[in-house]
Amino acid sequence: MKTDDLITLLAADAVPERRVGQMLPIAFLPVLAVAGAVFLSIIGTRPDLAAALVAPVTSAKFVLPGALGLLGLTGAVRLSRPEGRDGLRLRALLVVAAVAAAMVVWTLMITPPEGWAAGVRGSTILPCLLSIPALGLMPLGAALLVLRRGATTMPRLAGALAGLGSGGAATVVYALHCTEDNPLFFVTWYGLALLALTALGASVGPRVLRW
Amino acid sequence: MTDQETEWAALLRAANAGDGRAYARFLHAITPVLRGIVRAKGRALRGDPTEDIVQEVLLAIHLKRHTWRDDCPVRPWLFAITRHKVVDAFRARGAQVQLPIEDFADILAAVPDEDPTERGDALKMIGHLEPRAAEIVRAIGIDGADFAETGRRMAMTEGAVRVALHRAMKRLAELRERHME
C-alpha cells in the first residue's frame, strides 16, 4: 500500500475517540463505588463516622489518602499525553508525605517510648493490609483500561501513578470502616498498602500501557 | 518554523472537529517530515523499511490524535509520538536508535522534498484483516470509494461502514505490532 492510500484511509476514518481525562472518572468512580459498597455492606462503617470525619487527626485518614488519590490519577492522565512529562507532582506529594511524617513525629512526642510499638501494631494490621489492595484492585484495572487509550511515553511512571491513585481512593473507603486512629498505625500500614498498589501499577505499566 | 506550527495546529484542530480534508492535508504535510526523520536514523537498517516505519508512525498518530490538546503546541506532541514509534520500530528490527529531541530541529530544516517509491507493506497486513474489513479498507483506501457507495455495495449502513473502518485501522496497528514481535 502506498503511503498516500494510507492517508486517504486515515482521513476517511473520522470516528472520534474520547479523551482519557473525560473517560477516567466515568470508568473509575462506578467501579470504586461498587467495590466500596460491597466492602462496607459486609464489614460496616465505623460507628462514629460523622465525628471522625471532622476531628483533626482522624480526618487526616481521609484527607491524606484522598490527596494522594487525586495526585495519582490526575498525574496519570497528564502522562497519557505523549509529550506529557509533568505527571509526577513531586512538591505536592512531598507536602502530603511531610504532613504524614509530622503527625508521626508529633505522636511519638506525646507517647511514652514504651507505648510506641503498641501504637504501630494496633490490632488490625492484616485486615488493613489485605483490604486496601483488594479494594483498589478493580479500580486500578479500570484506570489502566482507560489509560490504554492514551499514549504515554512513560508507562512505568504512569502505571505507578494509577496505582497510587487507586490505592488512595481505596484507602479513603477503608478509612470509613477502620477505627485505628493512631497516626503510628495508619501512616505505617495505610502507607504500606498504598505502596503495594503503586508498585503493582509500576510493574504492569510497561506491558499494559504499550502502544 | 512558527508558521509550520500554526498551520499544523490549525489543520489538526479542524481535523479533530471532523474535517477530513483538513486532516488529509495535515497528514500530507507531516509525512515528508516523518520520512526525513526515519530516513536520517534508519541508514543502518537492512532492506529499506523507511516507508513501513513512516506508515506505522502515521497509524499511531491517527489512533492517538485525541491525545493532542488543542491549546498545546502540536509539534512537541507529534515528535513525542514519532520518537516513541520510531524507537519501537527500530528495536523490533533489532537496531538501537538514539533520538534526542534536539535532532528534530535539524531534520526539520533539511527535509528532502523528493518523493520516494513508497513501498510500504500495510497491504500485506490488510490480508490479515477479516474479509469484510479488508474489503472496506481496499474500497476506501485504494479504489477511492466513499462510505455511501461502499455501504450500498456491501449491504451495510453508512454508519456501520464508518465504524468498521475505524476498527480496521485499530486492527491494522495491532497486526503491525504483532508482526514485529
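Trainee: Which residues of helix 2 of chain A are buried?
Mentor: In this predicted model, the buried ones in helix 2 of chain A are A:Val20, A:Met23, A:Leu24, A:Phe28, A:Leu32, A:Ala35, A:Gly36, A:Phe39 and A:Leu40.

Trainee: Why does the end-to-end distance of helix 2 in chain A agree with its residue count?
Mentor: Helix 2 of chain A takes in residues 20–43, so 24 residues at 1.5 Å a residue should span 34 Å, and the end C-alpha atoms sit 33 Å apart, which agrees.

Trainee: What follows helix 2 of chain A?
Mentor: That would be A:Gly44, and its phi is positive, near 85°.

Trainee: OK, zooming out. How many helices and strands does chain A have?
Mentor: Chain A has 9 helices and 0 strands. Read from the N terminus, the order is α-α-α-α-α-α-α-α-α.

Trainee: What box do the C-alpha atoms of chain A fill?
Mentor: Roughly 75 × 35 × 25 Å along the principal axes.

Trainee: How much of chain A counts as buried?
Mentor: 47% of its 211 residues do. As for the surface, chain A exposes about 9500 Å², with carbon and sulfur atoms supplying 73% of that area.

Trainee: What about charges on chain A, how many positive and negative side chains?
Mentor: There are 16 positive and 10 negative ones, and the centres of the two sets lie 3 Å apart.

Trainee: Contacts next. Of those in chain A between residues at least 6 apart in sequence, what share joins residues at least 24 apart?
Mentor: 85% of them.

Trainee: New topic: A:Thr8. Where is it found?
Mentor: A:Thr8 belongs to helix 1 of chain A, residues 3–12.

Trainee: Why is A:Thr8 called partly exposed?
Mentor: Because its relative accessible area is 35%, and partly exposed is the class between under 20% for buried and over 50% for exposed.

Trainee: What is A:Thr8 in contact with, leaving aside neighbours within four places in sequence?
Mentor: A:Thr8 touches B:Ile140 and B:Gly141. A:Ala134, by contrast, is 126 residues away in sequence and 47 Å away in space, C-alpha to C-alpha.

Technical notes
Residues are numbered from 1 along each chain as its sequence is written. Chains are lettered from A and ligands numbered from 1 in the order in which they are written. This is a predicted model: local features need pLDDT of at least 70, side-chain atom pairs count only at pLDDT 80 or more; totals for chains, interfaces and linings use all residues. Side-chain values use heavy atoms; hydrogens and water are left out. Helices (H or I, at least four residues) and strands (E, at least two) are DSSP runs, numbered from the N terminus. Buried means under 20% relative accessible area, exposed over 50%, partly exposed in between (1.4 Å probe, protein chains only). Contact means heavy atoms within 4.5 Å. Accessible areas come from the Shrake-Rupley method with a 1.4 Å probe; for residues, only the protein chains shown count as cover. Lys and Arg count as positive and Asp and Glu as negative; His and the chain ends are not counted. The place of a charge is taken as NZ of Lys, CZ of Arg, CG of Asp or CD of Glu. The expected span of a helix is 1.5 Å times one less than its number of residues.
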